[in-house]
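Have the model open while you read.

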Amino acid sequence: MVSVLQNVAIDCADAYELARFWSRGTDRPLHPETKPGDRETQVLLAEGPVLYFNQVLEAKKSKNRIHLCLRPETSREQEVERLLGLGATFVTDHRNPDGSGWAVLADPEGNEFCVLRSDSDRAAMSS
């Protein structure tokens, strides 16, 4: 017997609003019973576990030890700009002149996440 990953839990100050950001960021729906003010909610991803948002009293204090990495369908640069437009902030640039690397952003509550190269970005580098 093995364990199956059920969800990725994200503690936050406002579960509904942070789930809305991630719903827009991943273009995936909120759980159908979600409503403003809910202290727990989920974003239903296309595959694998759900993103589970749990409202807590404690504020985030330091860098995440576990974080999400996103591989966009568009170019990495377009996705960074789109996510910044949704309310993310730019944290650190690990992009290299040759096109490799990633960008580190933070969601509206300061949780860091990475934006990786898209498949088309990777294909362009190998040609």
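Predicted model: local features only at pLDDT ≥ 70, side-chain atom pairs only at ≥ 80, totals over all residues.

Residues are numbered from 1 along each chain as its sequence is written, and side-chain values use heavy atoms, with hydrogens and water left out.

*More on the cysteines*
- Searching the whole structure turns up 0 disulfides (a disulfide being a pair of cysteine sulfur atoms within 2.5 Å).
- Cys69 is in no disulfide either; its nearest cysteine sulfur, in Cys114, is 4.2 Å away.
- Cys12 is buried at 2% relative accessible area, while Cys69 is partly exposed at 44% (buried is under 20%, exposed over 50%, partly exposed in between, with a 1.4 Å probe and protein chains only).

*Ser75*
- You'll find Ser75 in the loop between strand E4 (68–70) and helix H2 (76–86) (DSSP runs numbered from the N terminus: helices are H or I, at least four residues; strands are E, at least two).
- Ser75 counts as buried, at 19% relative accessibility.
- Its side chain reaches the backbone nitrogen of Gln78 at 3.0 Å.

*H1 against H2*
- Helix H1 (residues 15–26) packs with H2 at about 155 degrees, axes 10 Å apart (axes are lines fitted to C-alpha atoms over the stretch in contact, and angles run from 0 to 180 degrees between N-to-C directions).
- That makes H1 roughly antiparallel to H2 (angles over 145 degrees count as such).

How values were computed:
Polar contact = N/O pair within 3.5 Å; in protein donor to acceptor, adjacent residues only side chain to side chain. Parallel < 35°, antiparallel > 145°, perpendicular 65-115°, else oblique.
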